[in-house]
Protein chains: 2
Amino acid sequence: MGKCVNHPDRETSYLCMKHNTYLCEECLKCRDPNIYCKFRSSCPIWFLSKRKEGLDTEEKVKKADTCDEHKVVFMPDGKEVVVTGSMTLLDAALRAGVHLNASCGGKGSCGKCKLIVESGRVESRPDVLLTEKEKKENYVLACMSEISGDVKVRIPEEALEKKLKVAGMGNDVTRQLKELVKNIQPILMEIPLELEPPSLVDSVSDLDRLNRGLKKEGLDISRLNIGIGVMRELASAMRDENWKITASVIQKKCSSEILRITPGNEKLRSLGIAVDVGTTSVVVYLVDMEDGAVIAATSGHNRQAACGDDVINRIICSEKDGVAKLSQMVLMTINNLISEALDSAGADYRRIKNVVISGNTTMTHLLLKIEPKHIRREPYIPSVSEFPILKAGEIGIMADPIAAVFIMPGPASYVGGDIVSGLVYTGLHREDPLTLFIDVGTNGEIVLGNKEWLMTASCSAGPAFEGGGIRWGMRAEEGAIEKVSIDTGTLTPSFTTVGNLPPRGICGSGMIDLIAEMLFTGIIDAGGKIRLEHSHPRIQKDGDDLAYIVVPAAETAMEKDIIFSETDIHSLVLSKGAVYAGFTVLLNQAGLDFSMVDRVWIAGGFGRYLNVERAIMIGLLPDIARDKFKYIGNSSVAGAYLALLSEDHRKEARDICNGMTYIDFSSNNRFMEEFTSALFLPHTDINSFPSVKKLMPSGQDDKRM
Amino acid sequence: MGKCVNHPDRETSYLCMKHNTYLCEECLKCRDPNIYCKFRSSCPIWFLSKRKEGLDTEEKVKKADTCDEHKVVFMPDGKEVVVTGSMTLLDAALRAGVHLNASCGGKGSCGKCKLIVESGRVESRPDVLLTEKEKKENYVLACMSEISGDVKVRIPEEALEKKLKVAGMGNDVTRQLKELVKNIQPILMEIPLELEPPSLVDSVSDLDRLNRGLKKEGLDISRLNIGIGVMRELASAMRDENWKITASVIQKKCSSEILRITPGNEKLRSLGIAVDVGTTSVVVYLVDMEDGAVIAATSGHNRQAACGDDVINRIICSEKDGVAKLSQMVLMTINNLISEALDSAGADYRRIKNVVISGNTTMTHLLLKIEPKHIRREPYIPSVSEFPILKAGEIGIMADPIAAVFIMPGPASYVGGDIVSGLVYTGLHREDPLTLFIDVGTNGEIVLGNKEWLMTASCSAGPAFEGGGIRWGMRAEEGAIEKVSIDTGTLTPSFTTVGNLPPRGICGSGMIDLIAEMLFTGIIDAGGKIRLEHSHPRIQKDGDDLAYIVVPAAETAMEKDIIFSETDIHSLVLSKGAVYAGFTVLLNQAGLDFSMVDRVWIAGGFGRYLNVERAIMIGLLPDIARDKFKYIGNSSVAGAYLALLSEDHRKEARDICNGMTYIDFSSNNRFMEEFTSALFLPHTDINSFPSVKKLMPSGQDDKRM
């Protein structure tokens, strides 16, 4: 027996004799040779799988082993991977742990996964998404290029993964968070005990003695279970340190279980993990379960990005390649972030005893390898809304294998645990004021309510505000244009970028600024069409569209024009229209209107850089008193943190999930009407935006200037 | 993945490529090459283990593979086994599934494991337990003979395993048993459901829909758990047969769990198994869970017999060879009996959904591979008294792997679940009359009480009444002398045997008859010493002892004198003394005496053939009104049957276990005094046996005749 080379927390007996490497059953089952053995094709376990495929003789196996093995090097980092058989550069990048954007999920339609071939060659399908110049410079689309020999590729500057701007909530916020927890109650507890040794007059069984000790500590032993494995270890564990032991006990909804008994009763540090699994990015908090301190916070891109930007593409990918592949991707993301957090804290993963995971319904299904395919098909049914307490070992999270995992419950296919987690954090369900809660990420989820009632809905906002489907759209990474203003005279923009670096693209807040400025400087009309002539120096033709040149090539990081086209504007108008229509319909269902809303809370990474004034100008947010708006940050990880520390908050999450009324917009006629009305800037009914109406340029209905 | 060759209910990926045979992890871990591969030494998985042991090169492995491989054939059945390395004939017999008695556990002290070498040779240690005649006839002791080449051996007639006389309780009894159950409540239920398909207005998750369906069937869904594996199958299982499903739900003490969802809601036959795991023999009932009918009953010898007759020797053996070996032995016994029962009923093991196991504390520990070693060491502590519900798959019982297993709880190391099971059956704890319950098997357990209170104790009766430690002692198998009377004039015995076959030995009831007859014909005195002269034709010298010839060689099955020696008598007197002292002390502790006892209930296989009158004559049972005695049969399996069918009876078992007061005799001075007084026939205080006193021959104190 030994530890799996891919999952150090798993004991296994599958030994690769040549490399003296162990692999667990899950790795073996995985058809991906790169996953199931680090030594790949030269490993006998791989041989075995080849044999099963019908290659019987040693020579044939050897042949299969060597004839199609190719090395791929990814520059500038120099990461290498050896691949076998036919495989695209996108898949190879994924295996090498190289992050490439592929908004469309590898269908060759978004054009984001560009690579430059430096040496060697690939079999690329000719592609219209590449310019003649790019073709000359050996650009290829990774998803459309089959590896046919050793190859070295370079990731172009504009596509390089940069550090996410936000890791967590910041120290101040986590300090405030801590104060929300009165009493730390972990799910899995380690209880140190010193028991009375047995005697002829006190000869109860070892288990009864243990239960007696636990009862003294206040546990309800009438509801205490124990597994066969622990019973087998009981006698020696209790005697090894002279009746001093530590009991690991998990407290479930309706019963408790003794999961492990270890000799000795020295109190060791217990750690917890709160995870926000976003479609785009993942945030991990490493928490000291003794005092609730956030020891480390890490964040990174969800590796599933290679399968598409939004949950629909992820589900399609899981139907094609299997749920296991997407589960593995997000597990690797999470486990790398946990590992990074542990390294910075100098801690051991086996000390992690409690985990809370918050994510949307698709993310939790994929993570847990639960079939997600019915989420995207009418009537949009998730497999599970409320999850039982799981063990880290059974789902592959890097922690003590018996660590308790609480998954934030989510009421519907498109309103998930991340939203419930957000509510747990905000506490709006405990208070009187009528609150509109909105999380705009790759999807837009809205909650309306107060302590009396809660309604929720999801509007398919699409990933435009996160840069998806926008030519030069990107997330709020280094080099992203985040603020823009346009000179009314020269129509020349001035802007700032994240990290004050040369611009690489435009992030959500930058795009909102840009549309608002273009509208109020008269560059576009209320329908989102460009009013300037083709010949204007800031305008260029982009297929059948016109596009506004935001930054000329000379000033950019990658020496290409950053443009903003009518198509880009249209995508954003569709997104903002869906969100605004969502607000309207939800209020309408409750018999209310915007004037009755006391607070608007904006969650999610996108919200942080949002200029509320500009968002109202383009009709994304309603035109109500500005002091009603508040940015509340990554409320998903904040709620996960609270649930990690307290049973009250876990119960709260279950109560919120069960108490919410979900409104389905997909078949809602009113939503379709409101959506259509919202496809103007700011809105068809300008009177619902009085403060914007005042600012609108007089000549907005004129023909092109 | 495939099914383990030894455990068809287990999926595994360990494939022996040469034989296309799968082995599960447990089999691989087992050091016994015979267990872990049916193809043994020629199997690459075995090679692997040799490599680990330091034999690195292929040649060395080949050498290790072939140089010490020997075939052993056991006649008269012709069973074969190939063994490697050094091994005794006893171990080889065990591996071949050949039953040999080895009361002493293979220490070479009981002389019961005799075999005749027909061809080939073994390295035997010279042994005093073999007569010169036997040595000439190539007799060897299996436990003292190392295999050093191919060999063919024959099991002597007197040692051949015969069918046990009692399979179960008989049809009449099981019909009566059935009437004790008002309402059948299995632990694991299969609930057929037809669910409403989801729609946009009813879009709860699959799990919520399932829970809703279960709630309609009356289940408490607030306490319902579900594992990750079932969640992963949920979506497809529910849709495969258009929302018709069958849910397997287990009801535990304080929570329930959905263990499996299968498509389709056709009602299938559900079976149950009630098992009595005795130290000596094992009884299995196969039960139809729909109507409670006992479909088949099978019984057989516990294969652990090769490790000794009593629980102490079994524990010693487990300390030497590991608990896994003894667990495997009893599992093979149980699974063979289940298989036999299924065959006779034409049923599939996967239809077995519920299992109840009743056994003494050592038997349940060994079966479950729970450390038993502290049971035999002061202060005699078992690991577990009350077990949680287990799954058949996790302990290796041949049934649906998710089948629920209820283990009868036992209050102490020497009063186990078999006794609690017996009480559940008798119901003495529900009634007014003061009852003395006794189960004399390889140990003697006593319970005294009524519905107000229960006291229990164990007296180390030893295995004498089951034939252990008695030269010609045997169990009530075919050919056992079961009734004896001796002609007062000629002192010649007449007897009957089980099955009316030529005598092979003497069983418990025969020995009691024999002692009583020898006492009342004056052959022995009250101290158990033979009063006849050496020269009497019925007397022969046996070492320093004298022995009475019960059957001369010519009339026996194996043409050897069946004798009964002073040592044999002494062993039986020790046993009966311990039991009687146990009665006395228990009554004394309760401030009572024999006159206050309303009923004496005798349980266990031994009790069936017991002549109460004779048992009183030798002082085993108290001299009270004969109509107070009642034989109640194998109450352990009967109680297991009741617990299989009804939660009330399972609860009753837990209540009995928790409500019993256990009296430890090991350090009890009063017990030692009473025991010493009881080492006479019938007792030192003859006045406590008034009806025996009347019958005693006048010249009992005379010198030898």
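Hi everyone, let's start in chain B, where Asp206(B), Leu207(B) and Leu210(B) of α8(B) meet Met231(B), Leu234(B), Ala235(B) and Met238(B) of α9(B). Here, contact means C-beta atoms, placed from the backbone, within 7 Å. By class, this contact has 6 nonpolar, no polar and 1 charged residues; Ala, Val, Leu, Ile, Met, Phe, Trp, Tyr, Cys and Pro count as nonpolar, Asp, Glu, Lys and Arg as charged, and the others, Gly among them, as polar.

A quick word on the source: this is a predicted model, where local features need pLDDT of at least 70, side-chain atom pairs count only at pLDDT 80 or more, and totals for chains, interfaces and linings use all residues. Residues are numbered from 1 along each chain as its sequence is written, with chains lettered from A and ligands numbered from 1 in the order in which they are written.

How do the axes of α8 (residues 206-216) and α9 (residues 228-240) of chain B cross? They come within 10 Å and cross at roughly 75°, which makes α8(B) roughly perpendicular to α9(B) (65 to 115 degrees). Axes are lines fitted to C-alpha atoms, for helices over the stretch in contact, with angles from 0 to 180 degrees between N-to-C directions. Helices (H or I, at least four residues) and strands (E, at least two) are DSSP runs, numbered from the N terminus.

Now to chain A. Six strands form an open, mixed sheet, ordered β30-β29-β20-β21-β22-β31. Strands pair if DSSP finds at least two bridges between them. β30 (629-633) and β31 (660-663) of chain A stand at the edges, each with a single partner strand, so one side of each lacks a neighbour in the sheet. β29 (residues 599-603) of chain A runs parallel to β30(A), joined by 4 bridges, and Trp601(A) stands opposite Lys630(A) in β30(A).

Conventions: Angles under 35 degrees count as roughly parallel, over 145 as roughly antiparallel, 65 to 115 as roughly perpendicular and the rest as oblique. Two residues are in contact if their C-beta atoms, placed from the backbone, lie within 7 Å.
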